[in-house]
Amino acid sequence: MSDDFDLLETNSQEKAEKVDVNWGKAIDQMKSKLAQEDDPESRQKILNATLDNVVDMAEKDRSTLLDAIKDLTDYQDEVGIMFEGFSALNGAEQKIIDDAVKRLERAKVELEDAKNKPDTWWNNLWGRKSKIKKAEEELVSAQKQRDGADNRAKAMFQERIETADVQTLLNELSFKSQAAIKRLKDRELEIKEVEESLKTAIVEASNNHTKALQKKDEVEAKLEEQYALLKQARQALEEVADKQSPEYSEALEKVTQFEQKVEELEGLKNAYTTLAASKDSFVHKHNLTIKVLTSLRSNLQTHRAKLKSDTDERLKYYDGYVVALKARTDQEFAAILEHLGVKTDEHIGETLAAMHTASAKARQEMMDNIPVHEKVMQGVYGSYAEALKDIRAKDEEIQKNFADRYGIDMKEIFDEYYKADPNAPEDGGEPEGEGKPEANDDDLLS
């Protein structure tokens, strides 16, 4: 039964895309920034924590995450990691890259189609060459767009995360962790491929080392034989008495031939010796390289396994942190509602109490105002009576004046006037004021 919990598993069938890495100061800079996060007051912050303090701490978490994401994004550029493969792009950001890729692919196809048309006078008449030129220009423009797509998407990404919340930043960090896991695994595969090639190289170098030694032995055997022949030829040369004779020339020629042969064999011996030493050296070099690569691959496996396992756990940890932040917000919201409720209760209680107090005071004021109203009415009635008194006094004066001047007692007339209904008809006749006056020649007003 296979073990599913093999965090160190590396599938050698997968092929990794090689990335050229240009190491800079990014790692040291990131380590330096992380080292600055050590806060000696953290314990006191925990002991004196309030909900408001937690808000400040959470905002610092967001700021720290934001700086980390920016540093990682810049680090991607320094080490040559493709941006779109190592950052969580949203739809708009991804569309910039996708559109550029599609346009570039389409431009390549159109240029190939234009070039594939036969170079005939008929096709040239219908604009074959101009279409090729236009397609070439489009390809250049599309390539320029593709080259700048990553930077445009990156700018949008950086602008977006400037105002991102903690959850978005944690998701981005998790995405980068997942991408790093794949990158580490790809690097392991690349190292493993190099290890296999080095193993083959060791075998080949060992074989060549053995062959070189064998060839060297063969050359040394031939060299011993040629040394013996050369010695004999030199002895024969010395035995020729006449240095000007043909025998001396022949003997000298043989010595020269044997010396050339010895020199040639000496060169071969040195070559095979050097080759054998070189191959032996590379056997050790390859072996050392394999050991180093194996150690590095082992370390990568360790990092990848830990990162993979920790990332899975960290996602749950992050979920808890985000939920805790939301719970803190909800708790604060509930506290605000409770505070508002208490204040509202207080205000309503104050209003109701004020209503009751005002109502009681109004009742008291109403009761207190009754004598005032009566006093006012007494004044009204008094004024009314006083006015009537004045009127009656005036009437008496008028009556007396009439009586004195005309001999008419107006008292009865005025008394009847005050008693009578001015609108009542007399003797059942027509109402007063409606009767027609009789014609009278003595009417002074006619």
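A salt bridge here is a side-chain nitrogen of Lys or Arg within 4 Å of a carboxyl oxygen of Asp or Glu. Lys 182 and Asp 186 form one, with their closest N and O atoms 3.0 Å apart. The model is predicted. Both residues sit in helix H7, four residues apart, about one turn of the helix. Lys 182 is exposed, at 54% relative accessible area. Asp 186 is buried, at 15%, because buried means under 20%.

Helix H7 holds another pair. Glu 196 and Lys 199 form a salt bridge, with closest N and O atoms 3.8 Å apart. They are three residues apart in H7, about one turn of the helix. Glu 196 is partly exposed at 41% relative accessibility, and Lys 199 is partly exposed at 41% too. Salt bridges with shared partners also join Lys 216, Glu 220 and Lys 269 into one network.

Now go back to helix H4 (residues 91-116). Lys 95 and Asp 99 lie four residues apart there, so about one helical turn separates them. Their side chains meet in a salt bridge of 2.8 Å, N to O. Lys 95 is partly exposed at 49%, and Asp 99 is partly exposed at 30%. The whole structure has 15 salt bridges.

Next comes the loop between helix H7 (166-239) and helix H8 (246-406), where Asp 242 lies. Asp 242 is partly exposed, at 42% relative accessibility. A polar atom of its side chain lies 3.0 Å from the backbone nitrogen of Gln 244. Asp 242 also forms a negative surface patch with Glu 247, Glu 250 and Glu 253.

A nonpolar surface patch of about 450 Å² is made by Val 372, Val 376, Met 377, Val 380 and Tyr 381. Val 372 lies in helix H8 and is partly exposed, at 44%.

Definitions and conventions
Residues are numbered from 1 along each chain as its sequence is written. This is a predicted model: local features need pLDDT of at least 70, side-chain atom pairs count only at pLDDT 80 or more; totals for chains, interfaces and linings use all residues. Side-chain values use heavy atoms; hydrogens and water are left out. Helices (H or I, at least four residues) and strands (E, at least two) are DSSP runs, numbered from the N terminus. Buried means under 20% relative accessible area, exposed over 50%, partly exposed in between (1.4 Å probe, protein chains only). A polar contact is a pair of N or O atoms within 3.5 Å; within protein, one must be able to donate a hydrogen and the other to accept it, and residues adjacent in sequence count only if both atoms are side-chain atoms. Patches are made of residues with over 30% relative accessible area and no salt bridge: like charges are joined within 9 Å, nonpolar side chains (Val, Leu, Ile, Met, Phe, Trp, Tyr) within 5 Å. Accessible areas come from the Shrake-Rupley method with a 1.4 Å probe; for residues, only the protein chains shown count as cover. Lys and Arg count as positive and Asp and Glu as negative; His and the chain ends are not counted. The place of a charge is taken as NZ of Lys, CZ of Arg, CG of Asp or CD of Glu.
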